[in-house]
Amino acid sequence: MSTGINNKIVIIGMGCTKFGERWDASGEDLIVEAFRECLADAGIEKKDIQTAYLGTHYDEMNLGKSAIPMAVILKLPFIPVTRTENFCATATEAFRGACYAVASGAYDIALALGVEKLKDTGFSGLPNAGTYGIMDFAIGANWTAPGQFAQLATAYSAKYGLPMHKIKQALAHISAKSHKNGAMNPRAHLRQVVTEEQIIAAPMIAYPLGLFDCCGVSDGAAAAIVTTPEIAKSIKRNKDFVMVKSLQIACTSGEESLYTNWDGAHIETATRASLKAYEEAGVKNPRKEISLIEIHDCFSITEFVSYEDLHMSERGKAYYDVMDGFYDLDGELPCQVDGGLKCFGHPIGASGLRMIYALYEQILERVPKERRVKNAHLGLAHNLGGLPNYSVASIAIIGRD
Amino acid sequence: MLGICSYGGYIPWYRLKRKDISEAMGWINPAVITQAKGEKAIANFDEDTITMAVAAGIDCLEGIERYRIQGVYFASTSPPYKERLNAGIISAALALNDPIRAADFGGALKAGTTALLSALEGVESKRINPIIVSSSDCRLGKPGSIQEMIFGDAAVALLVGDQDVIAEFKGSYSTTYDFVDHYRGGFAKYDRQWEDRWVRDMGYETLIPEVVKGLLEKSQLKISDFSKIIYPCHYEAERKKLNKILNISPKMEQNNLLAEIGDVGTAHPLIMLVNALEEAKPGDKIMVVSFGNGCDALYFEITGNIENKRGKKGISEYLAQKKYLDKYGKYLIWREIMPGELGLRSEVDQWPRWSLNWRKRKAILGLWGSKCKTCGTVQYPPQNICVNPDCRGDSEMEDFLFSDKKGHIVSYTGDNLAASYHPPAIYGSVEFNMGGRFMFDFTDCDLDMLSVGMPVTMSFRRKYYDPKRDVVNYFWKARPMKRGER
C-alpha cells in the first residue's frame with residue numbers, strides 16, 4: 001500500500017541565482033552559483049551528496065544532453081546523476097527524483113538542481129520546442145507559447161460570458177500585483193512597478209495577451225538538498241525544518257487536444273494533480289489552509305485559470321477573487337510573492353525549484369518584512385509544462401514541520 | 001455518352017487593385033496605367049497552383065464518391081515542382097485511390113485544354129474512367145510590367161467521364177506552332193513577352209480564327225449554332241476585332257474575367273468554360289478555345305443533367321468572396337519578389353524527412369485520421385489507442401477522412417510572435433462536427449471576424465517553404481466560413 005511522500009523528506013538547503021538576462025553567465029556558471037548557496041545553506045559537504053538530479057529543458061543550446069554536464073561542472077565523484085525533462089515541470093521532476101531517492105531508503109542525501117540558459121537564442125520568447133517531434137513541423141500550427149495560452153482567454157470568455165475587456169482587466173491586476181512583488185526582490189528579473197493602465201495599453205503579443213501578460217524569458221538556476229527527518233535533525237540541531245507534504249504530477253492522456261470533452265477554459269492536468277496533492281498532504285480546504293502559492297504564471301491568463309484549477313476560486317469566479325485582491329500580497333492567499341514567473345523570471349528547467357525556493361524562504365521567515373507573508377506555514381508550488389491542451393502539471397506542497 | 005460530368009472552380013480570397021500596382025510601379029513603366037482597371041485575384045502566401053487546384057477539385061468532387069476516380073491530370077505552367085509529380089500531391093490531397101493514373105501537363109498555355117482532351121480520350125478508350133482534370137496558374141510578371149498587371153491566380157477542375165454527363169464532348173481541332181509570343185526559360189522567374197502588336201496581329205488574330213474555322217468545318221457547324229464561343233484574349237480591342245471576324249454576337253461572348261481575376265494562363269479558357277456552365281441550359285453548344293504555342297478548340301453540348309449540378313461554388317461564389325490586399329508590398333513579399341524580415345525565429349530549420357512524410361502521407365497530405373472500431377470515436381492524427389476516456393481501447397482503427405468535414409472553432413488567437421508572412425499568425429483549436437479535434441492554422445480570415453463556435457472548413461495549403469532545400473510542404477488549414485457560405 002503506497003503511503004505517499006508526506007512528512008518523509010526534509011529540505012535542508014536551497015539556493016537560487018539571480019534570474020534575468022545573465023549575459024555574464026553560461027549554464028555552468030548558473031549551476032555553480034545555485035549549488036554554492038544551496039550547499040552552504042544545507043550545512044553539509046559535497047561528499048555527503050549521494051545522488052543528484054539535473055533538470056534542464058532545451059539541451060541543444062544549453063548544456064547539452066544527459067546529466068553528465070552537471071556531474072562534470074560540480075565535479076561530483078562518480079555518483080549517480082540523472083537528468084529530468086518534462087517541459088516547465090522539469091525542475092519539479094528533478095526535485096521529485098531526489099525526494100523519492102531518499103524516501104526509498106536507497107540514499108540519505110540527494111541534490112536536485114534545475115537550470116536554463118535561454119538568452120542565447122537571439123530572439124524574444126521561447127524557441128520552438130518541437131512539441132510533437134518532427135510531426136509538429138509537418139502538421140502543427142505555426143504556434144508560439146503566448147498564442148497557445150491566449151486561447152484560454154477566448155474559450156473562457158465564450159464559456160462564462162465574461163467579456164474580454166473584463167478578462168483583460170483581471171489579467172492586468174494579476175500582472176500588476178506580480179510586478180509589485182517582484183520589484184521588492186533583488187533576485188527577480190523584472191523589477192519595475194507597472195500600472196494596470198500601462199498593462200492594458202501594451203502592444204498585443206497574441207490576442208488577447210499583451211506584452212505584460214507574458215512572463216520574463218530568463219536565465220537562472222535553483223537547487224535543493226533533501227534528506228530524511230532523522231538525518232536533518234542530526235545536521236541542524238534545534239532548527240526549523242521545511243518538510244515535503246506532497247508531490248504530484250498529472251500528464252494529459254490526449255483528451256484535451258484530440259477528444260471533444262474539454263472546454264478549453266481550464267487546465268485538466270492541474271485540476272487533477274492538485275486534488276491528489278491535497279489528499280496526499282491532508283489538506284481539506286486549500287483556500288483556507290494553504291498560506292501562500294506560487295502559480296505557474298507563464299502568462300497572466302494561466303494564473304487566472306489556475307486559481308480555479310487549484311480549487312482556490314470557484315469555476316467561473318476567478319475574476320471576482322482577483323478584483324477583490326484575494327491573491328495580492330496583503331490578501332488572504334498571497335500568490336507570486338517573489339514576483340512569479342512574470343517578474344522573477346522563467347528559465348524553464350529552473351522554475352519549479354525557484355518556486356519551491358520562494359515558499360521555503362517564506363516558511364523559514366528569511367525574507368524582509370515588506371514582502372513577508374504572515375504565518376507562512378504551508379505553501380503550494382504549481383508548474384505547468386507544455387500547452388493548455390497538451391500539458392503536464394506538477395504540484396509540490398511544502399510546510400513547516 | 002462522353003463528356004464533362006462535374007465542374008469546380010477556385011478563386012483566392014485576396015484581390016489586388018490594379019490601380020494600387022500602377023501607383024506603386026507606374027513610375028518605372030508609365031505604360032502600366034493603360035491596364036490600371038479592375039483587379040486581379042492573387043493567391044494567399046500559403047497558396048500555389050497545387051493548393052488552388054485541390055480547392056477546385058474539392059468543389060468539383062462534391063457529392064461524388066472519390067474512390068471511383070481513376071485518373072488525375074493537372075495542367076499548369078507554374079507548378080511548384082519541376083521534378084516530383086504535382087498531380088500526385090493533388091491526388092493525395094483529394095484522398096483519391098493509390099491505383100490511379102496521374103500526369104502533369106505544362107509547357108504551353110494551351111496545356112489546360114490539352115489535359116482535358118487527353119482525359120476525354122482516356123475515358124473514350126474505356127481504360128481510365130472517370131478522370132479529374134485540374135488546371136491553375138500563378139504566374140509572375142516583373143514589378144512594373146504589363147504582365148504583372150494582367151496575370152491573375154485561380155484554378156478550375158472538371159470531371160471527365162461517361163456517366164451523368166452534363167456537357168457532351170462533340171469534337172475538337174488542334175494546332176501547334178512554335179509561336180513564341182512569350183516564354184519562360186528553365187530557371188526564369190518571370191514571363192517575357194514579344195511586342196504586343198505582333199502578338200495581336202500574328203497571334204490571336206491569325207491562330208484563333210484558324211482553329212475555330214477548323215473545328216466548324218470538321219463538325220459541319222456554323223458559328224451561329226453555338227450559344228457561347230470561349231477564348232482567352234486579354235487585349236480588349238483585339239477581342240472586339242476577333243468577335244467581328246468570327247461573327248460572335250455579344251450574347252455569344254463569354255466574360256473573360258480580366259477585370260475580376262486576371263489572365264490565369266493554362267486555366268483561363270477552362271475557368272471561362274466553368275463560368276459558362278454555371279448558366280448553361282440543356283441543348284446549348286459551347287466552344288472553348290485555348291491559345292498558347294498553337295490552339296485547341298473543343299465543343300460541348302449541354303445535357304439535361306446540368307440542372308443537377310447547380311449550387312456549386314464554381315466561379316460565381318468565389319467571385320463574390322474577396323478581400324482587397326491593403327498593401328502592394330505584401331504581394332512582393334508573399335511572392336518572394338522582395339526579401340522581407342520575418343525575424344530570427346523564422347530562420348529555424350524545418351526540413352521534411354521524406355521517409356517520415358512517406359509513412360505519414362495519409363495523415364499529412366490527405367488529412368486522414370482514424371476511427372475506433374470499438375466505440376466509433378473519430379480522431380486526428382490517427383491513434384493506435386482510442387482517445388475516448390470511456391474507451392481507451394487498444395482495438396483496431398479504420399481510416400477516417402477529415403478533409404471533407406466541417407468543424408467549429410473551440411478557441412483561437414492571433415499571434416504576433418510567430419514568424420509569419422501575414423502576421424498575426426491566426427490559429428486555434430478546431431472541433432469537427434462529427435468528433436475529433438486538432439489545433440490548426442487558420443487561413444483566409446482576419447482576427448476580428450473570428451468567434452468561438454464559428455464554422456470552419458478545411459483547406460489544403462502550403463505549410464512551410466524550406467528555401468535551403470527548395471521544398472514546399474503542404475498541410476491542411478482551417479478556413480473560417482464566410483457569411484452565407486454553405
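Predicted model: local features only at pLDDT ≥ 70, side-chain atom pairs only at ≥ 80, totals over all residues.
Chain B contains 12 helices and 22 strands, and 59% of its 486 residues count as buried. Taken along the principal axes, the C-alpha atoms of chain B fill a box of roughly 75 × 55 × 40 Å. Because a compact globule with 486 residues would have a radius of gyration near 23 Å, the value of 23 Å for chain B agrees with that expectation.

Within chain B, an open sheet of three strands has the order β16-β15-β17, and its pairing is antiparallel. The edge strands, β16 and β17 of chain B, each pair on one side only. Two bridges join β15 of chain B to β16(B), and B:Val378, in β16(B), is the bridge partner of B:Lys371.

Turning to the second largest pocket, its volume is about 770 Å³, and of the 40 residues that line this pocket, the closest to its centre are A:Gly125, A:Leu126, A:Cys214, A:Cys215 and A:Val217. The elements α5 (145-160) and β10 (378-387) of chain A each supply at least two residues of the lining. The table divides the lining residues of the second largest pocket by kind.

| Kind of lining residue | Number in the second largest pocket |
|---|---|
| Nonpolar | 23 residues |
| Polar | 13 residues |

Key:
Residues numbered from 1 in each chain as written. Chains lettered and ligands numbered in written order. Heavy atoms only, no water. 1 Å grid on protein atoms, 1.4 Å probe; cavity = no way out; pocket = protein on both sides within 12 Å on 5 of 7 lines; lining within 4 Å. Points joined across faces, edges and corners; volume = space filled by probe spheres on them. Helix = DSSP H or I, 4+ residues; strand = E, 2+ residues; numbered from the N terminus. Nonpolar A, V, L, I, M, F, W, Y, C, P; charged D, E, K, R; others polar. Pairing = 2+ DSSP bridges. Rg over C-alpha atoms; globule rule 2.2 N^0.38 Å. Buried < 20%, exposed > 50% of the residue type's maximum accessible area, 1.4 Å probe, protein only.
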